[in-house]
Amino acid sequence: MTILVTGGAGFIGSNFVLDWLATCSEPVVNLDKLTYAGNLENLAELEGNPRHIFVQGDIGDTALVESLMREHQPRAVLNFAAESHVDRSIHGPEAFIQTNIVGTFRLLEAVRSWWGQLPADGKVRFRFLHVSTDEVYGSLEKTAPAFTESHSYEPNSPYSASKASSDHLVRAYHHTYGLPVLTTNCSNNYGPYHFPEKLIPLVIVNALSGKPLPVYGDGQQIRDWLYVKDHCAAIRRVLEAGVCGETYNVGGWNEKANLDIVTEVCALLDELRPREDGVHYRMQITHVPDRPGHDRRYAIDARKIERELHWRPAETFATGIRKTVQWYLDHPQWVANVQSGSYRDWVAQNYEGRPA
Ligand SMILES: NC(=O)c1ccc[n+]([C@@H]2O[C@H](COP(=O)([O-])OP(=O)(O)OC[C@H]3O[C@@H](n4cnc5c(N)ncnc54)[C@H](O)[C@@H]3O)[C@@H](O)[C@H]2O)c1
């Protein structure tokens, strides 16, 4: 038995692959294009591990996906690959349309064509798990109930609109062709290997290098936050026991305003790595103009996955954020390689010229 993971060199995908191989004997075929967000250094500890088969390639490359399916006969495909940064989607939506919509469509087509030729029991056992976001539901008023799985889709950014489109395609492939799909819609993740363009790692990295800590607008945008390893556990659980055609909201029961996140990270840094001049890191906070169309609030109602699949996050925000800050303090070289861009040479340095 094998699983095929796409986007497994990104933030959540690499955490998933590491956790999977640490807890399970099944090999992973990891298909990743290695965009700026893909970092094979995240998977350095898997070097030489025969259960990790890395393939650099695009989910939109039908011939490649079909050949991987034929060669490895995975019992499941888990689709993490995406363009994932809202700000980048505002400045350049094209890549989001290409990967998140066209790429997911082509991946579904390649998988469907292979799946269609399986014997009946293989067809029933197979799973296509699509990893999506709570941002597809749009923005909530401050006192409105949290998003349930039946909340209408009202995506507001090119990123969330492209993810919403991919969710619809996945749903349609179940209803039209019977492909056994599962979809998870998760809130904001944080944890190790998070690319420092996103809020929490950006704050940690900028704080330590004495740079301003940018907060959009009034900083009162509310998000639910989930420690990435909890998200990975939820995905494993949905893969194991989720009902085909169903969607599962995944969240941390932890709504916080961005400004509160930033001040909590600053307080942890004050404790764990105080500034030499004794000044609090929060003094580096700088309010910058808000992102256009910035959603005010997302909140996840994660009762369905708890009720039906008995999953709940293991970490509280207090425990998860402490682990995260400590991880960044313990991995200055990873941060330096991302900042200098040298993480992109990792493939050449570590993989090229090796026997296949
Ligand atoms: N980060 C979050 O807070 C969050 C929350 C909920 C859902 N999600 C979803 O989870 C998934 C993973 O998010 P992430 O934060 O790890 O993203 P990321 O940007 O860190 O990683 C994305 C990975 O996909 C790869 N990739 C991009 N385009 C590709 C293509 N065409 N073919 C193959 N690989 C490609 C990249 O190289 C990278 O390794 C995404 O689908 C995202 O929408 C993320």
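**View 1. Asn 249 in strand β10 of the predicted model.** Strand β10 covers residues 247–250, and Asn 249 is one of them. Asn 249 is buried, because its relative accessible area is 0%, under the 20% cut-off. Its side chain reaches the backbone oxygen of Thr 148 at 3.5 Å.

**View 2. The largest nonpolar core.** This core has 67 residues. Phe 16, Leu 78 and Ile 305 have the most contacts inside it. Neighbours within four places in sequence aside, Phe 16 is in contact with Ile 3, Val 5, Leu 78, Phe 80, Cys 232, Ile 235 and Arg 236. A second, separate core has 24 residues, among them Ala 81, Val 111, Leu 179 and Val 181.

**View 3. Helix α11, residues 317–330.** The helix has 14 residues and should span 20 Å at 1.5 Å a residue. Its end C-alpha atoms are 20 Å apart, so the two values agree. Its buried residues are Phe 317, Gly 320, Ile 321, Thr 324, Val 325, Trp 327, Tyr 328 and Leu 329. Their cover includes strands β7 (188–190), β9 (222–227) and β11 (255–257). Helices α7 (199–208), α9 (258–272) and α12 (332–340) also contribute to that cover.

**View 4. Pro 332 in helix α12.** Pro 332 is exposed, because its relative accessible area is 52%, over the 50% cut-off. Pro 332 and Val 205 are 127 residues apart in sequence. Their C-alpha atoms are 9.2 Å apart in space.

Technical notes: Residues are numbered from 1 along each chain as its sequence is written. This is a predicted model: local features need pLDDT of at least 70, side-chain atom pairs count only at pLDDT 80 or more; totals for chains, interfaces and linings use all residues. Side-chain values use heavy atoms; hydrogens and water are left out. Helices (H or I, at least four residues) and strands (E, at least two) are DSSP runs, numbered from the N terminus. The expected span of a helix is 1.5 Å times one less than its number of residues. Buried means under 20% relative accessible area, exposed over 50%, partly exposed in between (1.4 Å probe, protein chains only). Contact means heavy atoms within 4.5 Å. A nonpolar core is a set of buried Ala, Val, Leu, Ile, Met, Phe, Trp, Tyr and Cys residues joined through side-chain atoms within 4.5 Å. A polar contact is a pair of N or O atoms within 3.5 Å; within protein, one must be able to donate a hydrogen and the other to accept it, and residues adjacent in sequence count only if both atoms are side-chain atoms.
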